[in-house]
Amino acid sequence: MVDAARARKLADRIQQIVAEMLERRIKDPRLGFVTVTDTRITNDLRDATVYYTVYGSDGERAETAAALESAKGVIRSEVGRKTGVRHTPSITFVMDSLMENAAHIDDLLAKARAKDAEVARAAQGAAHAGDANPYREPDSDDDADLDEDDEEEDDPDFDGHDAAGDGEDGRSGRPSS
């Protein structure tokens, strides 16, 4: 096993070499507008997977895949020459579905916006199902209970101590001693 940082550096270098080769040295007419999006390499540095996208139709994508497959040996030998590793990794080209995923996400976002607009139109004339103020407000009965507590403190016989010993002496906190 090799250090992950070294594997990542080698993968980045392979990506640069492959992109340069496709741009300058590979002159296959079947090769379309190719962009190398990512390269991943196994931990033992034996296999490299190069992800690419192609701008165009499905037919152009298939022709580009065939062109990459036929140029794989030349690209691998150039990778081995420029990287200087003991064992040149085998290269596999994989079509990156980044563009299709982006288009699918755009479609989903458009559908979500349409649904949000539909919900907003339906909510314009709607009213709340419950009361306008769903929170309870103190009634006059609750105020009367508070007044009774105040009356105990005004009682001349009430000395502020809890005679029953149950901790209710009219003050908050600990029971008095």
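Modeller: Ala-48 stands opposite Ile-91 in E3, where strands are DSSP runs of E with at least two residues and helices are runs of H or I with at least four, both numbered from the N terminus. The model is predicted, so to speak of local features needs pLDDT of at least 70, while side-chain atom pairs count only at pLDDT 80 or more and totals for chains, interfaces and linings use all residues. Residues are numbered from 1 along each chain as its sequence is written, and side-chain values use heavy atoms, with hydrogens and water left out.

On the E1 side the sense is antiparallel, with 8 bridges joining E1 to E2, and here Asp-38 stands opposite Tyr-51 in E2. These two strands form a hairpin with 5 residues between them, and Leu-45 in the turn has a positive phi of about 60 degrees.

Taken together, the strands make an open sheet of 3 in the order E1-E2-E3, with mixed pairing. Its edge strands are E1 (33-41) and E3 (90-95), each of which pairs on one side only. Neighbouring strands are turned by 30 degrees against each other on average, direction ignored; axes are lines fitted to C-alpha atoms, for helices over the stretch in contact, and angles run from 0 to 180 degrees between N-to-C directions. Helix H1 (residues 4-25) packs on the sheet and touches E1, E2 and E3, its direction making about 160 degrees with that of E1; contact means heavy atoms within 4.5 Å. Helix H2 (residues 58-70) also lies across E1, E2 and E3, and runs at about 150 degrees to E2.

A search of the whole structure finds 1 aromatic pair. Its members are Tyr-52 and Phe-93, edge-to-face at 6.4 Å centre to centre with 75 degrees between the planes. The pair links distant parts of the chain, since Tyr-52 is in strand E2 and Phe-93 in strand E3, 41 residues apart. Ring centres of Phe, Tyr and Trp (its six-membered ring) must lie within 6.5 Å, and planes under 30 degrees apart count as stacked, over 60 as edge-to-face and the rest as tilted. Both Tyr-52 and Phe-93 are buried, that is, under 20% relative accessible area, with exposed over 50% and partly exposed in between (1.4 Å probe, protein chains only).

Phe-93 is also one of the residues, along with Val-18, Leu-22, Ile-41 and Ile-75, that touch the most other members of the 26-residue largest nonpolar core. At least two residues each come from H1, E1, E2, H2, helix H3 (72-83) and E3, and H1 gives the most, with 8. Such a core is a set of buried Ala, Val, Leu, Ile, Met, Phe, Trp, Tyr and Cys residues joined through side-chain atoms within 4.5 Å. Leaving aside residues up to four places away in sequence, Ile-75 touches Val-18, Met-21, Leu-22, Ile-26, Ile-91 and Phe-93.

Key
Pairing = 2+ DSSP bridges.
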